[in-house]
Amino acid sequence: NPAPDGTVRSLLATPGDSELYVGGNFSSIGGANRDNLAQISTDTGNATAFSADTRGLIKDLALVGDRLYAVGNVWKIQGVHRGYGIVVDATTGTVGPWDPHANRSINSIAIADDGSAFVGGYFDMLSDQSRDHIGRVDPSSGAPLPWLSGSSCQDAENPCVVYELVVDSDALLIAMGGPGGRVTSLD
């Protein structure tokens, strides 16, 4: 029992399953001070040396090689301001340059085969470009890519919120709320 002193919203196993990344809204977990993002041993529940010092709720995590992506209401990491998404070195917690620069919270992230990231949430702008609740961003910078969703989230009368994304080789699956809950698939 890692005994967090707050809420855990996301879990992600490391390759080999010996550690677990934990995201949420807490300041202590696994016997150590960790703000909202931590890595714990799956055997003991104790926090590892990994430390990222984030400000804001972490809602979802994705791991690509040595990069750990975290999205949510996160707005600051290691003193650096970010737009609701961060990337850190998966071993050291050192902040990287990736920043989707959303104007509101990001709820979910899914990594495509080409390394680009799909993000979904409450936002309608990514890096000052219109993206209604879902967008595809560059894996290094976080800048929006030309892909547009064409989803029903673009209805100004009944906007939706993207809660979860799953991507495979030819489809993006989206769980949405707003004017009734629904699941849809996009190319």
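In the hairpin of S7 and S8, which residue takes a positive phi? Select glycine 65: its phi is near 60°, and the hairpin has two residues between the strands. Before moving on, note that this is a predicted model, where local features need pLDDT of at least 70, side-chain atom pairs count only at pLDDT 80 or more, and totals for chains, interfaces and linings use all residues. Residues are numbered from 1 along each chain as its sequence is written, and side-chain values use heavy atoms, with hydrogens and water left out.

Now select strand S8, residues 67-72. Strands here are DSSP runs of E with at least two residues, numbered from the N terminus. S8 runs antiparallel to S7, with six bridges joining them; two strands pair if DSSP finds at least two bridges between them. Pick out valine 64 opposite arginine 67, then leucine 61 opposite alanine 70.

Together you have an open sheet in the order S7-S8-S11. Its edge strands are S7 (58-64) and S11, each pairing on one side only. Five of the six residues in S8 are buried (under 20% relative accessible area; exposed is over 50%, partly exposed in between, with a 1.4 Å probe and protein chains only).

Last stop: tyrosine 84, in the loop between S10 (80-81) and S11 (85-89). Tyrosine 84 is partly exposed, at 24%. Beyond its neighbours within four places in sequence, its contacts (heavy atoms within 4.5 Å) include Ala70, Gly72 and Arg104.

Definitions and conventions: Helices (H or I, at least four residues) and strands (E, at least two) are DSSP runs, numbered from the N terminus.
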